[in-house]
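Reader: Show me the model first, please. Then I will ask what stands behind each word you use.

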Amino acid sequence: MTLESPNGQVITGSVRLVHAAGMHARPAVKLTKLAKKFQAHISIRASDAAEWINAKSIAKVMALRAARDCIIQIKASGEDAEGAVAALVDLVAADFPDNAS
Amino acid sequence: MNERATIAGLAYRGRTASIGFAHGPFVRVDGATSSGRVAAAPPDEAAALRAALVSAGQQIAKLAEAVGGDAAQILEFQVALLEDDDFLDPVFAAIAEATPAHTAWSSALEEQIADYNAAADEYLQARSSDLADLRDRVLRTLRGGEGEAPKIPGGAVVCADDLPPSQFLEIDWSRGGGLALLRGSPTSHVAMLARARGIPMIVQLGSVPANARTALLDGEGATLELDPSAEQIGLFERRRDLLRKNRASARAILRRPAASWAGEKIRLLINIQRVEDLEHADAQYADGIGLMRTEFLLGQQSGLPDEEMQYRAYDAVLRWAGKRPVTIRTFDAGGDKPVPGFTVDGESNPFLGVRGLRLCLARPDIFRIQLRALARAAVRENLKVMLPMVTMPAELEAARGIFVEAVDQLQSEGIPAGLPEIGIMVEVPAAGLAIEQFDASFFSIGSNDLAQYLTACDRTNGALANLIDPLQPAMLNLIKHIVDYGRRAGREVSLCGDMAGDPRCVPALLSCGLRELSVNPSALALIKQTIDGLSSGAFRV
């Protein structure tokens, strides 16, 4: 897991998806719910895919079809971007615990 | 009455989704349709859909609150979609261009459903029924038909094409009952709910008449009997009582050392669909992995899996097994398992088409990547590789040729690699009958397809369940023929189909000379106990 905070506006992070079944319905719901708590514009992608998708869209997050062990990259811009990236990295790294929504 | 008489006593076979027994009234349920709604002007259509989405969200939230726990989490996926602007914006854009609200909504959902259905991952396919659930709920609300929950008597055997989770939750299961689905999947949300509630459930029954009055549902044996006779009911009840008693003692038996029968050790291995199946609590007690399917690797969004990704999956399983043997089957795509970019489209009979090894040999570009990954994994030495759907010895030799090439190439690149033992899955009768022609290290009998091809019965067609009976002489003779050859030639023979996990079949398999069976992790305890009972004479009939 890495967290960089360049001088610019965009905060990025990345984390390995350890969830046994990959990014399936329950983890995807938790991820989008958490993302929606932040004002920041948040995008994610899986394993260096070309396209970044909106982390607040359940349809898009499910469509990632992210498998176990792939690297989820997160980038966010906006006021609470730093907190958003940190929270999402924690959520994925901790394997989507039930108390994290 | 005549029609009733023809269905009385008929039995249908599907796949187990949740174990248990149910005996009750037979109730047929069907899904919603979107007919009978007249569209208004675009702004009103948009407002109508918005109102329907809000109302549907409230209905689901209310339901989630009432059921709580895991079931509520399942419904959250639907709520999240209702609040997903990226998903809804195109729907409203279509409405603004004069598409009726119900059409715009349905087509957006249909697109998603098709997407999930196309996934090779069974878990993802199963999500499509959650989406159908949401589609139908919003459509009903749009039509003004709220709270349409069908009236179902307590303890009923409910039969549907597929049943969405919210409809399952609206049924009162407090008096028991069971669920029989014509399609559906054991990994669907509704199957998870049924298991959690202890409601027996069968999926993939194919077609079943709608006009029966009562039914017996046996989740264990995956059978549905309609309008049963007194004799059928008696047998059913005896089976139920026996299994209840057995289950309690089965778990204790798991911890004991290997099962044995007639003085010989019986090796019990497990079948896995994906790496996560090893998380099953009973998996640790297996003597190895008799069948690791690899088709799950073909379900990735990023397209076909690369060598590194495959290698990591294989290596993870070999590491888990330690010194125990692991048999990995090369891609068995085609048949009922289409894979975009790999399988052949438009075959008139895919089960008899270019599938399994036939397809891999037709696509050496894809096959070579898998064999390279397997050759790298083979350095752990507990790996065996099995080829599916082999018909002629030349196919085995062609595959071996590509495998040897892959090993040589890896070694010349300085990458550690080895050639594992190569065996074949025996599921084509032609291969079984001429088994001595195949220079394979081992043979694994795939009894599901072998029975299907031997009896010319589509195994998903419930109306043929009697003809595809795996215990018929033709099947047992062929199994014995293969086992006898294996003994003479010193080649290992095992069986990895549903027969191995069916306690009724086990005595016959042992009598045929089989000493190695591979079953789903959930059946391990039951089969070990069955063998234990056979050797102590308790079950001898």
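Reader: What joins strand β5 (residues 178-181) of chain B to strand β6 (residues 201-203) of chain B?

Author: Two bridges join them, and the strands run parallel. Two strands pair if DSSP finds at least two bridges between them. The count here is two, so β5(B) and β6(B) pair. Look at Leu179(B): it stands opposite Met201(B) in β6(B).

Reader: What sort of model is this, and how are its parts numbered?

Author: It is a predicted model, in which local features need pLDDT of at least 70 and side-chain atom pairs count only at pLDDT 80 or more, while totals for chains, interfaces and linings use all residues. Residues are numbered from 1 along each chain as its sequence is written, and chains are lettered from A and ligands numbered from 1 in the order in which they are written.

Reader: What makes a strand a strand?

Author: DSSP does. Strands are runs of E with at least two residues, helices are runs of H or I with at least four, and both are numbered from the N terminus. By that rule chain B has 19 helices and 17 strands. Chain A has three helices and five strands. From its N terminus, chain A reads β-β-α-β-β-α-β-α.

Reader: Which sheet holds β5 and β6 of chain B, and in what order do its strands lie?

Author: An open sheet of eight strands, in the order β1-β8-β7-β3-β4-β5-β6-β2 (chain B), with mixed pairing. β1 (11-13) and β2 (15-18) of chain B pair on one side only, which makes them the edge strands. From one strand to the next the twist averages 30°; such angles are taken between N-to-C directions, from 0 to 180 degrees, with axes as lines fitted to C-alpha atoms (for helices, over the stretch in contact).

Reader: Why does Phe21(B) count as buried?

Author: Phe21(B) lies in strand β3 (residues 21-29) of chain B. A residue is buried if 20 or more other C-beta atoms, placed from the backbone, lie within 10 Å of its own (12 or fewer: exposed; in between: partly exposed). Phe21(B) has 20 such neighbours, so it counts as buried.

Reader: What is Phe21(B) in contact with, leaving aside neighbours within four places in sequence?

Author: Pro200(B), Leu217(B), Asp218(B), Gly219(B) and Arg240(B). Contact is set by C-beta atoms placed from the backbone: they must lie within 7 Å. Arg240(B) is 219 residues away along the chain, yet its C-alpha atom is separated from that of Phe21(B) by 6.6 Å.

Reader: How do you know that the length of helix α13 (residues 364-377) of chain B agrees with its 14 residues?

Author: The expected span is 1.5 Å times one less than the number of residues. For α13(B) that should come to 20 Å; the end C-alpha atoms are 19 Å apart, which agrees. Residues buried in α13(B) include Phe367(B), Leu371(B) and Leu374(B). An α-helix has 3.6 residues a turn, so residues three or four places apart point the same way. The buried residues of α13(B) pack against α11 (307-321), β12, α12 (357-362), β13 (383-387) and α14 (393-412) of chain B.

Reader: Which strands pair with β5 in chain A?

Author: Strand β2 (residues 11-16) of chain A joins β5 (residues 71-77) of chain A by six bridges, antiparallel. Strand β3 (residues 41-46) of chain A also pairs with β5(A) in the antiparallel sense, over six bridges. Lys75(A) in β5(A) is the bridge partner of Thr12(A) and of Ser43(A).

Reader: How many residues does each chain give to the contact between them?

Author: Chain B gives 17 and chain A gives 18. On the side of chain B, α3 (69-82) and α4 (85-96) give two or more residues, and α3(B) gives the most, with five. That side divides into five nonpolar, five polar and seven charged residues. Asp, Glu, Lys and Arg count as charged; Ala, Val, Leu, Ile, Met, Phe, Trp, Tyr, Cys and Pro as nonpolar; the others, Gly among them, as polar.

Reader: Where in chain B does pLDDT stay under 50?

Author: Over residues 1-5, which have three contacts beyond four places in sequence. pLDDT is the predictor's confidence in each residue, from 0 to 100. Where it is low, the predicted coordinates should not be read in detail. Chain B averages 87, and 93% of its residues score at least 70. For the complex, the predictor gives an ipTM of 0.85 and a pTM of 0.56.

Notes: Two residues are in contact if their C-beta atoms, placed from the backbone, lie within 7 Å.
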